Every structure is written in C-alpha cells, then in structure tokens.
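Dear colleague,

I am handing over the structure we spoke about, and you will find the sequence and the coordinates just below. My notes on what turned up in it follow after that, and I would be glad if you read them alongside the model.

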Amino acid sequence: MPRFNPILDQLPAYPFVELDRRKAALKAAGRPVFDFSKGDPVEPTPEFIREAMVAAVEPSCPYPAVAGGDDVRHAISEYLARRFGVEVDPHRGILPTAGSKEAVFHAPLLVIDPQADDKLVIFPDPGYPAYERGALFAGGEPYAAPLSGDHVFRPWLLPEAVLRRARMMWINSPHNPSGAVTGLDDLKRTVALCQQYDILLMSDETYADIYTEGTEPPRSALEVSQEGVLALHSLSKRSGMTGYRSGFLAGDPALIRRNRELRANPGLVPQDFINAAAAVAWRDDAHVAERRQLFSAKKAVLLSLFREQGYEVIGESATIYLWLRVPVAGLSDADYAESLLEAGIVVSPGSMLGLTEAGRGWVRLAMVPSLSECAAAVAAWRSLL
Ligand SMILES: Cc1ncc(COP(=O)(O)O)c(C=O)c1O
C-alpha cells in the first residue's frame, strides 16, 4: 500500500461532497429537490460563446502556451479597462487560468517557503475552502480571519505578529458566502497594509460582475495599485461557464512573470479553444447584464419571504448567494439545514463553509434553481412555517 500525504487524511471531505450525498438520498426517495447548495447555475452558456469554442477546435491541437494567446489577453485587458478603468498590459500583466479554483489552490506555491517562519496565508472566514487547502498543500500555515457583523474583511485589525508572519493574503469582494462588498477606501487600506508588510495581496474578484442592478458595481483592488497585487477573475458565474474552466490572473507584471514560470511546471494551461470562447465572453457585457438581472430576480423571490418573516439576511447587493441567519432560536445551522430538507430545500450550513466559529448560525443559499423553481421553493418553505 502506498503511504499517503497526511494532509489528505487530516482534511474533512471537501464540503460539497457531503452535500452531494444528502441530495442523492433525497432524490432516491423520489422527493422534489430545490438545490440552493452548490454555486453551479443551470442557465445555458450563451450560444455565441459555445459557437466560438466549437469554431476554434482545429484538426490538430498543439500544446497551448502557458501565457495564452494574444487575443484572449487583449480581450481581458479591454474588459479590465471598460469595467474598472484600469490599464493592464496584455503582454506582461495578464495570465489566463484553467478556472479560478486551481489558481486559488496553486497561488501559495509562488511565495510559500515551508521552512520559513513567515509562512502564513491569511484569508477571511467563512470563505472559499480552497484558500485554506492551497496553503496547506504548499506547506504554508493557513490563518482564517473570522468575519462578523457586515462580513467585510478589515485586515488592518489583525494582530501585528500575524501580519509580520504572513506571505500572502486573500481578500474576496464580493464575498462568498456572505455577498459582502468591500468599498474602495477599504481596498486602499488593504493594499497599503500588504505593501507595508511585503505581503502578496490576492484579490479574488470572481463575483465582481454579479451585483444587483441599481447598486454600485463592486470595485477592483487593481483600481488602487498593481504593485504586489494580483486580481483573480472567472467566467464561471459571469458568463455561465463553470464547466469550461476559464479565468485569469491580472496585476503586477513581476508577479505574473514568476507565475508563468511556476505554472509551466504542472502544465496548468487553458486549451486554445477555451481561450477562444473566453475572448468573446470577456468582450461582451450584454449577456452579463441579463444574468445579473436573473440572479437579482431570483433573490427578490426569496427575499420577499425572508423580509415578510423578518429574517436577517445579507448578500442582497452582490454574488449569487444569500446569507441567512438561522431564524430559529436554539437551532444550529446544520440542524436548520436538515429541517429545510423536509421541504426538499438544500442549503449549505455556514459551519461547513468556515474553519472558525464565524460561519456558525448562518446558512448560504446559492441562486442556482431556475426562477420558477425559486418560486416553488418559497411555497415549499412556507409549508414549514
Ligand atoms: C470566491 C470564489 N473563488 C473562486 C471560485 C472558483 O471558481 P471557478 O473555479 O469556477 O472559476 C469560487 C467558486 O465558487 C468562489 O466562490
């Protein structure tokens, strides 16, 4: 028998593996399932994006370049200029990635020295699980900073000793799971802090384009500075392309150059036909506006119930999530999620999305079911009240 990496044994199953098991049990029992657990929306990928991918499948497909082709990098640079008003050099400041999850997971490999004392990777908690996992597998030390209240991450409140031992910090605005958005002033403070302590600032902006119409579009850390900063974006939610695995890193040319060298090792390279689809997706904003409206409409259906019941909820202004405080006194988030299963409603218990206590007492709903399913779910939810 081979001897395994001990980290694999120490980690609980990836959170969604457990949820998948629960959903399967409901389905096997022939029950209706309203699945708000995993962030994989059902709406089809726009046709022009699918066509661009198919048209780019050549008779022979050579190895793609780690740096990606010129066209996709220009499309991304144009997007960043249009959306955030920032100029990022398409040749030196942009690197396409195979989705953003792998980029999150592999990013610590760029800076972590497992032998060093300063090997902390700081990230908000609750948060996207790959921040912790990437830090661990790279030999770093994860530091989960608990969020509370408005769930905006304010890293300048962290102890000095923590900042001194940190090599990398994740921020995530709009934030999964809470939907909290960090304003430009707080981004400025965070960038300055990381520059002061020589911490690589990784700004996970994968939900930047999913905001409620009428609210201010979320800002990018790149609007503050590119020095020591990398922003991470994804087409998964913006363009309904979860299965394509397409995202990008953008920012400090020195960091992009080192990342190219690093990422040549495992061959983490989006295929040329995926980059062709990505190029047309980043160049178009109309389909994104449509998706924004749809997620907002789904949220409105659920919010009508939550408001009527006086439930405490955040995440109204951005992301595909609603973050709901368990409305029943004395019930844990896991028990509350379990009770919703009675009506076929699957949500993610907040304690599953956090390493500290910070996720406790909350559940996350991802706006994944269709609009009519959301309405049916609300009716089913009412039957439990
Ligand atoms: C905050 C955050 N970052 C990164 C990702 C990874 O997205 P993808 O790999 O689909 O681009 C997700 C996915 O849900 C996420 O919520």
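The axes of helix 3, residues 47–55, and helix 10, residues 272–283, come within 7 Å of each other and cross at roughly 150°, and the crossing in which helix 3 passes helix 10 is right-handed. Please keep in mind throughout that this is a predicted model. On the side of helix 3 the contact is made by Phe-48, Ile-49, Ala-52 and Met-53, while helix 10 contributes Phe-273, Ile-274, Ala-276, Ala-277, Val-280 and Ala-281. Sorted by class, the residues of this contact between helix 3 and helix 10 comprise ten nonpolar ones, with no polar and no charged residue among them.

Helix 10 is also the place of Arg-283, a residue that I looked at separately. Val-162, which is 121 residues away from Arg-283 along the chain, has its C-alpha atom 41 Å from that of Arg-283.

Turning to the chain as a whole, the domain assignment gives domain 1, made up of 6–44 and 287–382, and domain 2, which covers 47–284. The centres of domain 1 and domain 2, taken over C-alpha atoms, are separated by 25 Å, and the contact takes 35 residues from domain 1 and 33 residues from domain 2. Helix 11 (286–308) and strand 10 (321–325) each supply at least two residues of the side of domain 1 that touches domain 2, and helix 11 gives the most to that side, with seven residues. By class, the side of domain 1 that touches domain 2 holds 17 nonpolar, eleven polar and seven charged residues.

The ligand is surrounded by 14 residues, and the closest are Gly-99, Ser-100, Lys-101, Ser-234 and Ser-236. The shell around the ligand divides into ten polar, two charged and two nonpolar residues.

With best wishes

Note on methods. Residues numbered from 1 in each chain as written. Predicted model: local features only at pLDDT ≥ 70, side-chain atom pairs only at ≥ 80, totals over all residues. Near = placed C-beta within 6 Å. Nonpolar A, V, L, I, M, F, W, Y, C, P; charged D, E, K, R; others polar. Domains from an automatic or database assignment. Contact = placed C-beta atoms within 7 Å. Helix = DSSP H or I, 4+ residues; strand = E, 2+ residues; numbered from the N terminus. Axes fitted to C-alpha atoms, helices over the stretch in contact; angles between N-to-C directions. Left-handed = near helix turned anticlockwise from the far one by under 90°.
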